Amino acid sequence: MTRLNVSHLSVRRRDLDVLSDVSFSVDQGELIGLIGPNGAGKTTLMRAVLGLQDHDGQSSLAVLSSQDRARAVAWMPQAREIAWPVSVETAVMLGRTPHLSSIQHARETDHEAVDAALSEMDLQHLRHRAATQLSGGEQARVLIARALAQQTKLVMADEPIAGLDPAHQISTMQTFARMAASGISSIVSLHDLGLAVRHCTRLIMLGDGRLVADGVPQDVLTADRLAQVFGVTAFYQKTEQGPVYQSLEVTR
């Protein structure tokens, strides 16, 4: 089942092409790593797909009403600071907003969704703490939990593991992988190509605002593309513990 269709998406700012003619679709249970160097257009693409950025071309999400879009996709932007001194539990409960009318109170199913999200992100012991008192990494996990509590069939996250320690980076990617196994699709922008290779079912590589490659990780991360797009050489090998990737040298 298709979760998203994007056709010939382009974005221009001040007569400059920021994103040019990008097309792809997302099917059920895919974990897609959106990769590319700084300035490649990853955030612009995600915002355009969601209808948050003026664009040419089509996105099946951008044409939805805001209410229907909130029920179809959970969005986690790159900016993660929590400004309000609400409890962690309350912050995560905000993910249930698309499922409630303006006069409804949280139901048992909403509390169950929040409990599951807190457990998934290892936040149960912090549920009554003020979210503003947490570290940056802990706040990032709260916002991921809020997206999980939304219980959509598609999640889009812009650098969700940035600022997390290695253990929580790995566990967060494992969470996305478990979601994929259950049929929930995700598009996750990443700079850590090693984690992308190990956990993503598919990679979409952007370079200079264009789609350079789209496919399984080992087919996308060729030596030529790594040199052309990222300017690096790399070590890549399949092992008994899974694929291992490590950038090695700068080529330019």
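How do β3 and strand β8 pair, and over how many bridges? They pair in the parallel sense, over four bridges. Strand β8 covers residues 202-207. Keep in mind throughout that this is a predicted model.

Let me stay with β3. In β8, Ile204 is the bridge partner of Leu34. β3 has another parallel pairing, with strand β7, residues 185-189, and four bridges hold that one too. There, Ile32 has Ile187 of β7 as its bridge partner.

Now, is β3 buried or exposed? Buried. The strand runs over residues 31-35, and five of the five are buried, so the rest of the structure largely encloses it. Look at the side directions. Leu31, Gly33 and Ile35 point one way. Ile32 and Leu34 point the other way.

Move along β8 to its other partner. Strand β9, residues 210-215, runs antiparallel to β8, and five bridges join them. The two strands form a hairpin with two residues between them. Asp208 sits in that turn, with a positive phi of about 55°.

Arg202 pairs with Asp214, and the closest N and O atoms are 2.7 Å apart. Arg202 belongs to strand β8 and Asp214 to strand β9, 12 residues apart. The two ends have unlike surroundings. Arg202 has 11% relative accessibility, so it counts as buried. Asp214 has a relative accessible area of 35%, so it is partly exposed. Glu30 joins in as well: Glu30, Arg202 and Asp214 are linked in a network of salt bridges.

Next, the open sheet. Which strands form it, and in what order? Three strands, in the order β2-β1-β4, with antiparallel pairing. β2 (16-27) and β4 (56-59) stand at the edges. Each has a single partner strand, so one side of each lacks a neighbour in the sheet. From one strand to the next, the twist averages 10°. Strand β1, residues 2-13, is joined to β2 by eight bridges, and the two run antiparallel. Arg13 stands opposite Leu16 in β2. Helix α1, residues 42-49, packs on this sheet. The helix touches β1, β2 and β4, and its direction makes about 120° with that of β1.

On to helix α5, residues 136-149. Among the buried ones are Gly137, Arg141, Val142, Leu143 and Ile144. What covers them? The cover includes β5 (73-76), α3 (88-93), α4 (108-120) and α6. After α5 comes Gln151, with a positive phi near 55°.

Now α6, residues 166-181, where His168 has its place. His168 has 18% relative accessibility; the cut-off for buried is under 20%, so His168 counts as buried. Leaving out residues up to four places away in sequence, His168 touches Asp122 and Arg141.

Last topic: the other salt bridges. How many does a search of the whole structure find? Eight. In general, side chains of opposite charge can pair when their charged atoms come close. Take Glu89 and Arg127. Their closest N and O atoms are 2.9 Å apart. Glu89 lies in helix α3 and Arg127 in the loop between α4 and α5, so the pair ties together parts that are 38 residues apart in sequence. Arg127, at 18% relative accessibility, counts as buried.

Then Arg178 and Glu120. Their side chains meet in a salt bridge at 2.2 Å, N to O. This pair links distant parts of the chain: helix α6 holds Arg178, helix α4 holds Glu120, and they are 58 residues apart. Arg178 counts as partly exposed at 45% relative accessibility. Glu120 counts as partly exposed at 32%.

Conventions
Residues numbered from 1 in each chain as written. Predicted model: local features only at pLDDT ≥ 70, side-chain atom pairs only at ≥ 80, totals over all residues. Heavy atoms only, no water. Buried < 20%, exposed > 50% of the residue type's maximum accessible area, 1.4 Å probe, protein only. Pairing = 2+ DSSP bridges. Axes fitted to C-alpha atoms, helices over the stretch in contact; angles between N-to-C directions. Contact = heavy atoms within 4.5 Å. Salt bridge = Lys/Arg side-chain N within 4 Å of Asp/Glu carboxyl O.
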